[in-house]
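Subject: Structure handover

Hello,

Please find the structure below, with notes on what was found in it. The notes begin with one pair of side chains and then widen to the chain.

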Amino acid sequence: KISIEPPEKPNFNYEGVMPEHCDEGKEVDVILRGRRYRVMAWGSEHAPVVLCIHNIFEQGLMWQELARSLSLKGYRVIAPDLLGHGLSDHVAEDGSYSLLGFVADIEALVREYEITLLSIIGHAAGCIIAAIYAASNPDTTERLILIEPSLPNEENELNFFDQQNEEMIYQDKTGKHTVVADIKEGASKLRTSIKEVEMERVYALAGRVLQPTENGYRWTWDYK
């Protein structure tokens, strides 16, 4: 369970702001390093920033429950779909994804939003991106929070980051996503990897990243 205390002097005006403003969030497209990123945000634009980095094959909407809670405590939560995930662009067919590439995109996002100080949260593989960002940008990082991180130990310390980078570099090997018949089938498949999430939310997550095809629906994330 993540708990971040409200800032001592929250720069957030609740007067006249309906709860829906904080709860539902907004989605916008942002160009980062020449590619289109889909970014979700909750809370006041003037509030302290919490930047959330999702796991591989997940999406920014995964953070909605936490984001709603934090926005009502006086924070602005920003959660991008990483490149190749959710509704963000893919690399070219002969391109690939890399750990440091994701970090560079997060740095570009921080510059685009003109963020001078933030708390950053990473989940699973997102922990590595968040940790490298924090280590490389200590002046803008107030807090680093890691959820289910993969951490080095004495046996794999020397090659840990090389191994992690290999896992996050995808080359197209098998072709295309499996087509599912409808959103219900897609939600059922997604449910196997996020069993702790309520089914209603799983449907919302699946519906956001399934696109119709001639024979059913296909996931939007890049299969590379």
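Arg-143 and Glu-142 form a salt bridge through their side chains, at 4.0 Å from N to O. A salt bridge here is a side-chain nitrogen of Lys or Arg within 4 Å of a carboxyl oxygen of Asp or Glu. Arg-143 is partly exposed, with a relative accessible area of 32%, and Glu-142 is partly exposed at 48%. (Buried means under 20% relative accessible area, exposed over 50%, and partly exposed in between, with a 1.4 Å probe and protein chains only.)

This is a predicted model, in which local features need pLDDT of at least 70 and side-chain atom pairs count only at pLDDT 80 or more, while totals for chains, interfaces and linings use all residues. Residues are numbered from 1 along each chain as its sequence is written, and side-chain values use heavy atoms, with hydrogens and water left out.

The salt bridges come to nine by this rule. Asp-81 and Arg-208 make one of them, at 2.9 Å from N to O. Asp-81 sits in the loop between strand S4 (76-80) and H3, and Arg-208 in helix H7 (residues 199-208), so this pair ties together parts that are 127 residues apart in sequence. Helices (H or I, at least four residues) and strands (E, at least two) are DSSP runs, numbered from the N terminus. Asp-81 is buried, at 0% relative accessible area, and Arg-208 is also buried, at 11%.

Asp-29 pairs with Arg-36, their closest N and O atoms being 3.2 Å apart. Asp-29 is partly exposed at 42%, as is Arg-36 at 24%. Both belong to a network of salt bridges that links Glu-27, Asp-29, Arg-36, Arg-38, Asp-81, Asp-89 and Arg-208.

As for the chain, it has seven helices and eight strands, and 48% of its 224 residues are buried.

The largest nonpolar core has 30 residues, and Leu-51, Ile-78, Phe-102, Leu-118 and Ile-129 have the most contacts inside it. A nonpolar core is a set of buried Ala, Val, Leu, Ile, Met, Phe, Trp, Tyr and Cys residues joined through side-chain atoms within 4.5 Å. Helix H3 (99-112) is among the elements that each supply at least two residues of this core, and its share, seven residues, is the largest. A second, separate core of 27 residues includes Met-62, Leu-205, Ala-206 and Val-209.

Regards
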